[in-house]
Amino acid sequence: MSYKNFPMVSKVVFGRGSFNQLSEILAPKRLSMNAPFIYIIDDVFKNNQWLTSRIPLAYDDKILFISTEEEPKTSQVDAIVEDIILTTKELPSGIIGIGGGSVLDLAKAVSIMLTNEGEAKDYQGWDLVKHPAIYHVGIPTISGTGAEVSRTTVLIGPEKKLGINSDFTPFDQVILDSELTKDVPKNQWFYTGMDCYIHCIESLKGTYLNTFSETYGNMSLELCKEIFLDNNLTAEESEEKLMMASWHGGMSIAYSQVGVAHAMSYALAYVLGVKHGIGNCIVFDHLEEFYPEGVKLFKAMKEKHNIMLPQGICADLSDADFDKMTTIALNLVPLWENALGKNWKQIITPKKLKELYQKM
């Protein structure tokens, strides 16, 4: 039997205010005066002096503010890479992503595509990347996605929503500063936190489960319960614990896989542009058949925090739209196999999937 030999984030800093150490972390990594650091930052921070004033710009370093109104696309990655190649004298010293899962995924994808030929869509899948990415750093400003620790970067391409899953995807350095998450709007906090919770449920209830995934998944699940159900924490404690829940939830997937909710929400994102966190919530709300205990707990968390999910988002879709969604979802074979086993095709048919989508 051959076991997977996964890479992990090689360096991590944890602690409130650790963002202030960015300059000393990056300094030894600068290749030359002409090899800039490129900062890819969520544009929600564009006028946020508290954060931007602490970014250590020097020489030809530059900031690219990125809108996260839509999910990251392969075409967006290609455009950023082309812009960097055309406007820098040398290959950058590094890419630094500051934001939520979308921005972190963009940073990972750009760092890969700067050293690999072709277009980002050519690398959507498993282990297609040939050359190591350039040095890349992840600094999450919202917790839950696990993007800071995962070996994938999820992108919407011309044909599908799928990650660039490779040994070269994980960040070389992550800075976990929970203070950066203090101004996240409540709904967004919930949706992204539930991404983490759903990671745990899908991993822990999956057929791929092993002790590695189970250990991380259980730690993350207990933290999620403490944060979203017990509600006995200070704001600071909650921010720190959710940051670690996100980390452990992402680690749980490393040696396992996600399941039904992620497969179905990927298709929702592709056809309707529904963002990942809320998409997972909309789908998971209807998955009692597959995750009875997990969904029951999810509904309790939703009620406790007065979260109203959008209803009827699939009401006006055509048969062609439903067909497209079911095709995209069913093509994510490892996710279904993890969720339902080797004989998953006998359990989940296009007709059954369409009926589930019609409830949403």
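By class, seven nonpolar, six polar and three charged residues line the second largest pocket. Here Ala, Val, Leu, Ile, Met, Phe, Trp, Tyr, Cys and Pro count as nonpolar, Asp, Glu, Lys and Arg as charged, and the others, Gly among them, as polar. The model is predicted, so local features need pLDDT of at least 70 and side-chain atom pairs pLDDT 80 or more, while totals for chains, interfaces and linings use all residues. Residues are numbered from 1 along each chain as its sequence is written, and side-chain values use heavy atoms, without hydrogens or water.

**The pocket**

The volume of the second largest pocket is about 290 Å³. Of its 16 lining residues, Trp189, Ala235, Ser238, Glu239 and Leu242 are the closest to the centre. Helix H5 (186-204) and helix H7 (235-254) are the elements that give two or more residues to this lining. H7 gives the most, with four residues. A pocket is an open set of points on a 1 Å grid where a 1.4 Å probe fits, with protein on both sides within 12 Å along at least five of seven lines; lining residues have an atom within 4 Å of a point.

**The sheets**

An open sheet of six strands runs in the order S1-S9-S6-S4-S2-S3, with parallel pairing. Strand S1 (11-14) and strand S3 (62-66) each have a single partner strand, so one side of each lacks a neighbour in the sheet. From one strand to the next, the twist averages 15°. Ile38 stands opposite Ile95 in S4.

Three strands form another open sheet, S5-S8-S7, with mixed pairing. Its edge strands are S5 (125-126) and S7 (154-156), each pairing on one side only. Lys161 in S8 is the bridge partner of Ile156.

Two pairings compare as follows.

| Strands | Sense | Bridges |
|---|---|---|
| S2 (residues 37-42) and S4 (residues 94-99) | parallel | five |
| S7 and S8 (residues 161-165) | antiparallel | three |

Two strands pair if DSSP finds at least two bridges between them. Strands (E, at least two residues) and helices (H or I, at least four) are DSSP runs, numbered from the N terminus.

**A helix pair**

Helix H8 (residues 260-272) packs on helix H12 (residues 333-340) at about 150°, with axes 8 Å apart. H8 is therefore roughly antiparallel to H12 (an angle over 145 degrees). Angles run from 0 to 180 degrees between N-to-C directions.

Terms used
Points joined across faces, edges and corners; volume = space filled by probe spheres on them. Parallel < 35°, antiparallel > 145°, perpendicular 65-115°, else oblique.
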